[in-house]
Amino acid sequence: MFSSSKSALRMLQRVGVPYTQRMAMSALKDSAAGNTKARIPRLRKLKRVVLGSTVIGVSYLGWLMYRNRNPADQQPFDPNKKTLVLLGTGWGSTTVLKNLDTENFNVVVVSPRNYFLFTPLLPSCTVGTIENRSIMEPVRQLMRHKKREVIFYEAECTGIDAEAKELTLERRTNSDALQTTNKRPPTSPEDVVKLNYDYLVVGVGGTVNTFGTPGVEQHACFLKEMRDARKIRRRLMDSIESASFDDISEEERDRLLHMVVVGGGPTGIEYAGELHDFLTDDLSQWYPDLAQRVRITLVEALPNVLPAFDKKLIDYTQSTFSENKISIMTGTMVKEVQDKSFTVQNPDGTRTEIPYGLLVWATGIKAQPVVNRIREQFAQVQTNGRGLLVDEYLRVKGAKDIWALGDCALSGYAPLAQVASQQGKWLARSLNAAAKKSDDASDADIFSLIEKTSRPFKYSSQGSLAYIGSDKAIADLPLFNRNITSGGIATFWFWKSAYLNELFSLRNSSLVAADWVKRFFFGRDISRE
């Protein structure tokens, strides 16, 4: 470097450059060379940091995958421990199981389905945006990672003797036996079993409420279980394929291509948004003539949709639906559903019969049959037919050693997934603390222990999210004692990241993320089963 600088100085001297300028230029060149040398080590350090972070991240991910596939040995049932029975595998019961220290109890899980379903993304499964199994988490996988063995019975609780602490179960060996409505297949005597418990957690959720509307159970599709999503997808493709025949009338074609959503809550709004995306992104490519004729109508009995959201977000949603040519009929009640048409009562009191090809009923919940049977045993206290009345510690009023949470519990909070999840975490922590507090938990009054060791349950709202179609979402989020509202494409990405974070396992998050990438590159699958 020094020899080259001297050569440059001699050259500048020959051409007549003054001495001071020559020295200044030489200093600048030496400084530049030094900066280049200093920059190289910094780049090397940055590369090492990036490489090291990548190795650590991949190693941690590999460890998580190995631990998931190779759980440790479990402790067997302890005859000296009390038996805790969890009814259901929904948000509340599954969260209890996930956070419960099973060293303190013998845990038994009873549910007609052997998986947890991430219901907020269920509308995405109806049109193939997300594959069904991506939002299903096998409950046995969660059970296998607990310290003590957990028993699972794929059965439905059909009766309870609270005095004797005995449950009546009916085996459900076929997953299709789980119906959305209260109708159940006949059960043989050998499929009925008895199960004793010491403590009982009721988290069976609710079932669809048709409000006594004639024809809903026979002709409408619901959106509460994975079976419902499959049925909607089949019915949707049936209508589209039937409309592609040339030998049908134009009136019949229009009927088949009219898709109706009843219910203006988050579920109905998200399904309408997903249906619109399916129409514009995929049907327009493969059914160009039919796609232009598909109509989407949303029917809501209240004066506006999304009543729990801020007025600005309601207006934004209605504006987006208007741009997407989704018709909204507010203040309109469905009075009857027939095979090919449904009757509504308009705001002015008149009635109109509207033809449809697909009708999705996404409104209302009511108590499960087992909840009603529990209520019957405490009729003097349990006076509300919508569910089980509980106190501030989630204890079923009038009962001993029974808790209820989620949609089946009337705790003063809305029937939301995040309410049930927070209740499950609170109850698991309370049970853990009560078990550790007592030197002999087997003889202790668990109700009294929880009251001494835990504060009453209090719900903390984490906000509300809803997807409204066209890569747009809305958010109503609490922040510093005020609500922040937003809507649009940026909120859509926040909606995605929030749901990825809320999914129950790394497996589910990976599968959902892969489904979104797959849909972006290859579109949705339009085949039907």
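## A covered strand and its parallel partner

Strand 2, which spans residues 106–111, is mostly covered, since 6 of its 6 residues are buried (buried means under 20% relative accessible area, exposed over 50%, and partly exposed in between, with a 1.4 Å probe and protein chains only). The model is a predicted one, in which local features need pLDDT of at least 70 and side-chain atom pairs count only at pLDDT 80 or more, while totals for chains, interfaces and linings use all residues. Residues are numbered from 1 along each chain as its sequence is written, and side-chain values use heavy atoms, with hydrogens and water left out.

Both faces of strand 2 are covered, with Asn106, Val108 and Val110 buried on one side and Val107, Val109 and Ser111 buried on the other. Strand 1 (residues 83–87) runs parallel to strand 2 and is joined to it by 5 bridges; two strands pair if DSSP finds at least two bridges between them. Within this pairing, Val85 has Val108 of strand 2 as its bridge partner. Helices (H or I, at least four residues) and strands (E, at least two) are DSSP runs, numbered from the N terminus.

## The hairpin of strands 23 and 24

Strand 23 and strand 24 pair in the antiparallel sense over 7 bridges, and Ala475 stands opposite Ser486 in strand 24. The hairpin has 2 residues between its strands, and in it Phe480 takes a positive phi near 55°. Phe480 lies in the loop between strand 23 (472–479) and strand 24 (482–488), and with a relative accessibility of 74% Phe480 counts as exposed.

Most residues other than glycine have a negative phi. Leu394, although not a glycine, has a positive phi of about 65°. Leu394 belongs to the loop between strand 19 (388–389) and strand 20 (402–404), and it is buried, with a relative accessible area of 2%.

## Two helix pairs

The axes of helix 15 (residues 489–502) and helix 16 (residues 506–522) come within 9 Å and cross at roughly 150°; such axes are lines fitted to C-alpha atoms, for helices over the stretch in contact, and angles run from 0 to 180 degrees between N-to-C directions. Helix 15 and helix 16 are therefore roughly antiparallel to each other (angles under 35 degrees count as roughly parallel, over 145 as roughly antiparallel, 65 to 115 as roughly perpendicular and the rest as oblique). Trp495, Lys496 and Leu500 of helix 15 meet Ser509, Val512, Ala513 and Trp516 of helix 16, where contact means heavy atoms within 4.5 Å. By class, this contact has 5 nonpolar, 1 polar and 1 charged residues; Ala, Val, Leu, Ile, Met, Phe, Trp, Tyr, Cys and Pro count as nonpolar, Asp, Glu, Lys and Arg as charged, and the others, Gly among them, as polar.

The axes of helix 3 (residues 91–99) and helix 13 (residues 417–437) come within 7 Å and cross at roughly 35°. Residues of helix 3 in the contact include Trp91, Gly92 and Thr95, and those of helix 13 include Ala417, Ala420 and Lys425. By class, the contact of helix 3 with helix 13 has 6 nonpolar, 6 polar and 1 charged residues.

Gln141 is found in helix 5 (residues 139–144) and is partly exposed, with a relative accessible area of 23%. The C-alpha atoms of Gln141 and Arg69 are separated by 9.1 Å, although the two residues are 72 residues apart along the chain.
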